[in-house]
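Here are some notes for a colleague who is reading a structure of this kind for the first time. Please keep the sequence and the model side by side while going through the points.

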Amino acid sequence: NWIYLDAATRFETGNPRRREWLQEAVTGFGDLAGTGDAQIAAESLYGRALAERALGRESEATAALRRALDKKPPAALAGRIGAALVEGPVDA
């Protein structure tokens, strides 16, 4: 999923492959978000949020980030999630 996300962001915004790979990342991260392991779920929700944001779906990205924080992730991941929550509105 991280590979799809990373590869997709290397394409220009209008490239159909970019959208396809971002959607693959959203789906893949979503599949892992329901796992019983809170840390994996938080990281998956974080990845999903980044892919959603790249697709221009800010409200879905924000919701995924908030759900990720609800999982009480480790401090380093919580910091990245918190930064992403702030970056969305700033970028908008």
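Predicted model: local features only at pLDDT ≥ 70, side-chain atom pairs only at ≥ 80, totals over all residues.

1. Residues are numbered from 1 along each chain as its sequence is written, and side-chain values use heavy atoms, with hydrogens and water left out.

2. Helix α2 covers residues 16-33, and at 1.5 Å a residue its 18 residues should span 26 Å, which agrees with the 26 Å between its end C-alpha atoms. The expected span is 1.5 Å times one less than the number of residues, and helices are DSSP runs (H or I, at least four residues) numbered from the N terminus.

3. Within α2, the buried residues are R18, L22, A25, V26, G28, F29 and A33, where buried means under 20% relative accessible area, exposed over 50%, and partly exposed in between (1.4 Å probe, protein chains only). Among the elements that cover these buried residues are α1 (2-8) and α3 (38-54).

4. There are four aromatic pairs in the structure, a pair being rings of Phe, Tyr and Trp (its six-membered ring) with centres within 6.5 Å, counted as stacked when the planes are under 30 degrees apart, edge-to-face when over 60 and tilted for the rest. One of them is the tilted pair of W2 and Y46, with 6.1 Å from centre to centre and 50° between the planes; this pair links distant parts of the chain, since W2 lies in helix α1 and Y46 in helix α3, 44 residues apart.

5. Y46 is buried, with a relative accessible area of 11%, whereas W2 counts as partly exposed at 35%.

Conventions: Helix = DSSP H or I, 4+ residues; strand = E, 2+ residues; numbered from the N terminus. Contact = heavy atoms within 4.5 Å.
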